[in-house]
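Biologist: Please take a close look at one part of this model for me: the place where the chains meet. Walk me through it in one go.

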There are 2 protein chains.
Amino acid sequence: MAERGIATVSSEDLAAAAGVNSAKLRKDLSHLGSYGTRGVGYDVEYLVYQISRELGLTQDWAVAIVGVGNLGRALANYGGFVSRGFRIAALLDADPEIVGDDIAGLNVEHIDELEAVIGRRGVSIVVLATPAVAAQEVCDRVVSAGVTSILNFAPVVLSVPDSVDVRKVDLSIELQILAFHEQRKAGGPLMAVDSQ
Amino acid sequence: MAERGIATVSSEDLAAAAGVNSAKLRKDLSHLGSYGTRGVGYDVEYLVYQISRELGLTQDWAVAIVGVGNLGRALANYGGFVSRGFRIAALLDADPEIVGDDIAGLNVEHIDELEAVIGRRGVSIVVLATPAVAAQEVCDRVVSAGVTSILNFAPVVLSVPDSVDVRKVDLSIELQILAFHEQRKAGGPLMAVDSQ
């Protein structure tokens with residue numbers, strides 16, 4: 001709604017958009033100190049701020065991206081990170097052809113510097129955009145260096161201690177959702193037939 | 001589970017992983033013709049196949065990627081698409097420096113060819129990886145060419161007719177989830193204090 005320039009929203013419209021009931025929504029938002037105005041609703045921009053603060057997005061998070069191929073470069077240039085409070089503090093790669101490149105205003109550093117860079121720049125989240133074969137080894141080093149939040153784009157399941165949060169991004173998920181709808185438009189899946 | 005090499009899974013374990021109850025899960029899977037074996041459970045690989053078929057992922061979907069910068073290149077090279085039944089049928093860009101490049105075995109074509117390429121190759125899903133400023137115009141052309149499924153990586157909200165499905169990918173969502181947990185580890189958000 002903020003992106004669409006909507007200034008205020010009623011709890012009913014917000015509840016409908018979220019798929020919950022409006023009494024529950026009002027109660028939940030009241031925990032953030034957000035009450036809305038009778039007859040007007042919630043101020044969208046202020047609500048975004050309150051939720052962002054609650055989610056920790058108004059803090060400054062130093063992020064290191066390891067693996068500076070096409071995906072790493074795309075992520076380094078991705079405007080959506082900075083606007084959400086994420087600061088790319090380091091880019092690291094093992095390839096001497098890539099080390100030294102300037103990307104999004106940062107100099108790509110050698111992976112040998114990983115531990116030093118994490119410590120010196122207070123990196124709290126590492127994004128892995130390495131090839132699958134390199135991901136576990138880098139992950140182990142990142143964990144040893146004390147990082148407990150890892151975003152993994154490499155197509156491999158990482159082993160980490162329970163104290164470490166890993167989120168795996170599968171870029172094909174959204175394509176799969178589109179394909180499901182496309183199949184239904186084209187005449188429906190087997191289930192629609194089987195379950196008659 | 002398939003990625004981890006797990007061969008069979010009980011309905012209880014599967015239900016726990018999905019956060020639903022096992023009786024409901026067994027009933028739902030029975031609609032796919034999947035019943036498991038008493039004392040053994042479900043065959044993971046077969047279940048993946050049955051669900052994939054239901055979602056339309058065993059079909060061949062021709063996908064065109066428009067915008068062949070770093071993100072478009074990363075997507076063109078992304079192994080996860082092909083393994084899910086998505087075939088990259090075309091890469092298109094407006095930049096004469098990029099048109100003609102060979103990426104992932106495909107020749108980048110000029111955006112002027114968009115409508116012809118969509119028609120000739122039976123493209124049913126278009127991935128937009130253009131700069132934000134170009135996305136709506138490309139989107140309009142894609143819709144005019146008859147495509148009703150669009151995956152949008154450009155940081156902009158697209159206007160489309162109701163008959164068109166657009167999914168917007170926000171690469172920062174997973175980072176936001178990590179930041180939320182990181183904040184909690186670091187002493188908890190305001191909410192934990194406020195709600196005492």
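Modeller: Domain bounds here come from an automatic or database domain assignment, and chain A is divided into domain 1 (2-55) and domain 2 (61-175). Their C-alpha centres lie 34 Å apart. Bear in mind that this is a predicted model: local features need pLDDT of at least 70, side-chain atom pairs count only at pLDDT 80 or more, and totals for chains, interfaces and linings use all residues. Residues are numbered from 1 along each chain as its sequence is written, chains are lettered from A and ligands numbered from 1 in the order written, and side-chain values use heavy atoms, without hydrogens or water.

Now the meeting place. 55 residues of chain A are in contact with 55 of chain B (heavy atoms within 4.5 Å). Together the chains bury about 5,100 Å², 62% of it on carbon and sulfur atoms (accessible area, 1.4 Å probe, lost on being put together and summed over both parts). A:Leu171, A:Leu175 and A:Leu178 supply 13% of what chain A buries against chain B, more than any other three residues.

There's charge here too: six salt bridges link the chains (Lys or Arg side-chain nitrogen within 4 Å of an Asp or Glu carboxyl oxygen). One of them joins B:Asp165 to A:Lys185, with the closest N and O atoms 3.3 Å apart.

As for B:Ser172, its contacts beyond four places in sequence include A:Tyr78, A:Arg84 and A:Phe86. And 100% of chain A's interface residues are also interface residues in chain B, so the copies meet through the same surface.

Definitions and conventions
Buried area is the accessible area (1.4 Å probe) that two parts lose on being put together, summed over both.
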